[in-house]
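Subject: Structure handover

Hello,

Here is the structure I said I would pass on. Please open it alongside this message; my notes follow below.

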Amino acid sequence: MGHIDVEDKPKKELSDKELFYEVANFVVKQGTFATAMIQREFHVGYMRAERVVDKLERMGIVTPISVDKKRNTICKNHEELKQIFCNTKIYNIAGINHRGLDDNCLGNFEGTLQAETDNPYDKYAIAIYTKNRHVGYIPCGNQELWERVIKEHKGIPCRGYIDKGRDENKKCDYYFGEVYVR
């Protein structure tokens with residue numbers, strides 16, 4: 001019998017950003033999918049695949065998980081997906097526990113952006129509110145960026161998520177996440 005040489009090269013390790021865009025294109029092509037499909041297709045673990053899928057859901061690209069553990073794409077074609085990517089700005093959220101943040105803020109949210117100049121950690125920060133409750137900041141770092149964000153997004157609804165960590169050196173909790181603005 002002859003020897004059969006099967007070459008199964010592993011796929012190149014994708015950065016989180018590259019993986020996100022590749023998965024988004026893959027699920028739009030599929031229409032219906034499960035996280036396990038992403039694991040198999042992209043050779044990633046469950047947690048990494050699920051983080052990408054959660055972000056796709058928060059951005060309005062896919063539906064929440066159904067009873068049969070499947071998800072559907074909200075975008076029906078790559079043109080719609082491109083529109084979402086081109087029209088969505090993603091900002092990081094930062095916050096610390098003594099600014100009114102607590103575990104009630106964790107998870108996905110929908111809210112609005114407001115200018116704030118009294119943040120002691122970043123003079124030019126954008127505050128995020130849901131139902132008149134402060135949930136975090138987008139730290140801008142400079143007045144020019146702060147003014148541009150306010151001009152572009154003041155009063156425009158936003159969506160995102162907040163998670164929690166612990167800084168053992170400072171002995172305090174901190175909150176982090178992302179906000180998506182279209």
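Which residue in the hairpin of E7 and E8 takes a positive phi? In that hairpin Lys171 has a positive phi near 55 degrees, and 4 residues lie between the strands. Please keep in mind throughout that this is a predicted model.

Confidence and overall make-up

The protein chain has a mean pLDDT of 78, with 81% of its residues at 70 or more. Residues 4–9 are a stretch where the pLDDT is below 50, and beyond near neighbours in sequence this stretch makes 0 contacts in the model.

The protein chain contains 5 helices and 8 strands. Read from the N terminus, the order of elements is α-β-α-α-β-α-β-β-β-β-α-β-β. The protein chain has 182 residues, of which 41% count as buried. Among contacts with a separation of 6 or more, 56% are between residues 24 or more positions apart.

The strands at the end of the list

Strand E7 covers residues 157–167, and it pairs with E8 in the antiparallel sense through 10 bridges. Within this pairing, Arg166 has Asp173 in E8 as its bridge partner. Strand E8, residues 172–181, is mostly covered, as 8 of its 10 residues are buried.

Strand E5 spans residues 125–130 and is mostly covered, with 6 of its 6 residues buried. How do its two faces compare, covered or open? Both faces of E5 are covered. Ala125, Ala127 and Tyr129 are buried on one side, and Ile126, Ile128 and Thr130 are buried on the other. E5 is joined to strand E6 (residues 133–139) by 6 bridges, and the two run antiparallel. In this pair, Ile126 is placed opposite Ile138 of E6.

Glu110 in strand E4

Glu110 belongs to strand E4, which is made of residues 107–116. Glu110 counts as exposed because its relative accessibility is 59%, and the cut-off for exposed is over 50%. Apart from neighbours within four places in sequence, Glu110 contacts Thr130, Cys158 and Arg159. Thr130 is one of the buried residues of E5. Glu110 and Tyr180 are 70 residues apart along the chain, and their C-alpha atoms are separated by 9.5 Å.

Helices H1 and H4

Two packed helices are described by the angle between their axes and by the distance between those axes. For helix H1 (residues 16–30) and helix H4 (residues 78–87), the angle is about 145 degrees and the axes are 10 Å apart. The crossing of H1 and H4 is right-handed. On the H1 side the residues that meet H4 are Phe20, Tyr21, Ala24, Asn25, Val28 and Lys29; on the H4 side they are His78, Leu81 and Phe85. Sorted by class, this contact of H1 with H4 has 6 nonpolar, 2 polar and 1 charged residues.

Helices H2 and H3

The axes of H2 and H3 come within 9 Å and cross at roughly 115 degrees. This crossing of H2 and H3 is right-handed. H2 contributes Thr35, Ile38 and Gln39 to the contact, while H3 contributes Tyr46, Ala49, Glu50 and Val53. By class, the contact of H2 with H3 divides into 4 nonpolar, 2 polar and 1 charged residues.

Two residues of that contact can be followed further. Gln39 sits in helix H2, residues 35–42. Is Gln39 buried or partly exposed? Gln39 counts as partly exposed because its relative accessible area is 24%, and buried requires under 20%. Leaving aside neighbours within four places in sequence, Gln39 contacts Val44, Gly45, Tyr46 and Ala49. The C-alpha atoms of Gln39 and Glu50 are separated by 9.0 Å, and the two residues are 11 apart along the chain.

Glu50 is part of helix H3, residues 46–58. Glu50 counts as buried because its relative accessibility is 15%, which is under the 20% cut-off. Not counting residues up to four places away in sequence, Glu50 touches Thr35 and Arg71. Of these, Thr35 is among the residues of H2 in the contact with H3.

Regards

How values were computed
Residues are numbered from 1 along each chain as its sequence is written. This is a predicted model: local features need pLDDT of at least 70, side-chain atom pairs count only at pLDDT 80 or more; totals for chains, interfaces and linings use all residues. Side-chain values use heavy atoms; hydrogens and water are left out. pLDDT is the predictor's confidence in each residue, from 0 to 100. Contact means heavy atoms within 4.5 Å. Buried means under 20% relative accessible area, exposed over 50%, partly exposed in between (1.4 Å probe, protein chains only). Two strands pair if DSSP finds at least two bridges between them. Axes are lines fitted to C-alpha atoms, for helices over the stretch in contact, and angles run from 0 to 180 degrees between N-to-C directions. A crossing is left-handed if the near helix is turned anticlockwise from the far one by less than a right angle, and right-handed if clockwise. Ala, Val, Leu, Ile, Met, Phe, Trp, Tyr, Cys and Pro count as nonpolar, Asp, Glu, Lys and Arg as charged, and the others, Gly among them, as polar.
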